Amino acid sequence: MCRSAATRIFAPLQPMRCNWFIASREQPLLISLDYTSFNALINQVAAYDQENNITRIAYENTGKASMLGTSLSISYPATKFLSLNVNAKAALARVVGISKGLPISTDGLMYSLSLSPGYNFGQGWRANANLNIRSKSFSLQRETNAYTSSSLGLSKELVKDKLTFSSTISNPFNKFRSSTVNLTGPGFEQISIDRLYSRSYRISLNYNFGRLRESIKKNKRGIKNDDVSN
């Protein structure tokens, strides 16, 4: 493990090429399967300079990547008062590239899950909760840790379809969270750990001024280019 400063270098880059294929079905739930491949991938490439004790990081067109993923989305009215929304994603990914002239690669599973129940108490009162779970994420040489976040909310409709008061607390059970970034390459490993404040509060008062009675008409005029060179 090395503990060192990092120097970022920005070099001219070429556009990367991407192919994306997706198949989906919307009823009775939204589910999809997709495959993505990248060429001339733009990566952060890190190399450790032992003589100067620094890590040089540059964006380069190096390597390829592929990802096979699936997603699921459900909106379920469990009862007249209780509703549940579920969103999930998962992907198997592999990235290959070059650092200091040596081939490197990384692969693994990344996923996320979001649960959002809501309960309508009647008389304009509604409670909402949200739970987000995210796995570790990675690129060619960089890996970040998994984390979980949550929120609780309560709202009251003061004037029907017009005025609503709402309050939300984010991460009520975790005041802080650790953010770990692991940077690896030929002959070195660098770990950065930060302790982040994650709790927040929000109070809002929203007023609905109404809706448009007619749809916005688009201008049908166009540009005609009749300048032809011989």
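Q: What makes a set of grid points a pocket rather than a cavity?
A: A pocket is an open set of points with protein on both sides within 12 Å along at least five of seven lines. In a cavity, a 1.4 Å probe fits but cannot get out. A residue counts as lining when it has an atom within 4 Å of a point. This model is predicted.

Q: Which residues of the second largest pocket lie nearest its centre?
A: They are F38, L41, A65, M67 and V95. The whole lining has 13 residues. The space in this pocket is about 170 Å³.

Q: Which strands each supply at least two residues of that lining?
A: β4 (42-49), β6 and β7 do.

Q: How does the lining of the second largest pocket divide by class?
A: Ten residues are nonpolar, two are polar and one is charged. Ala, Val, Leu, Met and Phe are among the types that count as nonpolar.

Q: What is known of the largest pocket, and which residues lie nearest its centre?
A: K89, A90, Y111, S112 and R134 lie nearest the centre, out of 27 lining residues. The pocket holds about 430 Å³ of space. By class, ten lining residues are nonpolar, 13 polar and four charged.

Q: Which strand gives the most to the lining of the largest pocket?
A: β8 does, with five residues. At least two residues each come from β2, β3 (30-39), β6 (64-76), β7 (82-99), β8 (102-122) and β9.

Q: Why is S112 called buried?
A: S112 has a relative accessible area of 19%. Buried means under 20%. The value falls under the cut-off, so S112 is buried.

Q: Where does S112 lie, and what does it touch?
A: S112 lies in strand β8. Leaving aside residues up to four places away in sequence, S112 touches N87, A88, K89, I133 and R134. Of these contacts, K89 and R134 are also named nearest the centre of the largest pocket.

Q: Why is N53 called partly exposed, while N171 is called buried?
A: N53 has 38% relative accessibility. N171 has a relative accessible area of 10%. That is under 20%, so N171 is buried.

Q: What makes the phi of N53 and of N171 worth a look?
A: Phi of N53 is near 55 degrees, a positive value in a residue other than glycine. Phi of N171 is also near 55 degrees, and N171 is not glycine either. N53 sits in the loop between β4 and β5 (54-61). N171 sits in the loop between β13 (163-170) and β14.

Q: How do you know that β9 and β12 pair?
A: Ten bridges join β9 (residues 125-134) to β12 (residues 147-159). Pairing takes at least two bridges, so the two strands pair. They run antiparallel. R134 stands opposite Y147 in β12.

Q: What makes β2 and β16 edge strands?
A: β2 (17-25) and β16 (200-207) each pair on one side only. They end an open sheet of nine strands, in the order β2-β3-β6-β7-β8-β9-β12-β13-β16, with antiparallel pairing. The twist averages 10 degrees from one strand to the next.

Q: How do you know that β14 and β15 pair?
A: Strand β14 (residues 176-185) and β15 have ten bridges, in the antiparallel sense. Two bridges would be enough, so the strands count as paired.

Conventions:
Residues are numbered from 1 along each chain as its sequence is written. This is a predicted model: local features need pLDDT of at least 70, side-chain atom pairs count only at pLDDT 80 or more; totals for chains, interfaces and linings use all residues. Side-chain values use heavy atoms; hydrogens and water are left out. Helices (H or I, at least four residues) and strands (E, at least two) are DSSP runs, numbered from the N terminus. Axes are lines fitted to C-alpha atoms, for helices over the stretch in contact, and angles run from 0 to 180 degrees between N-to-C directions. On a 1 Å grid over the protein atoms alone, a cavity is a set of points where a 1.4 Å probe fits but cannot get out, and a pocket is an open set with protein on both sides within 12 Å along at least five of seven lines; lining residues have an atom within 4 Å of a point. Grid points are joined across faces, edges and corners, and a volume is the space filled by probe spheres set on the points. Buried means under 20% relative accessible area, exposed over 50%, partly exposed in between (1.4 Å probe, protein chains only). Contact means heavy atoms within 4.5 Å.
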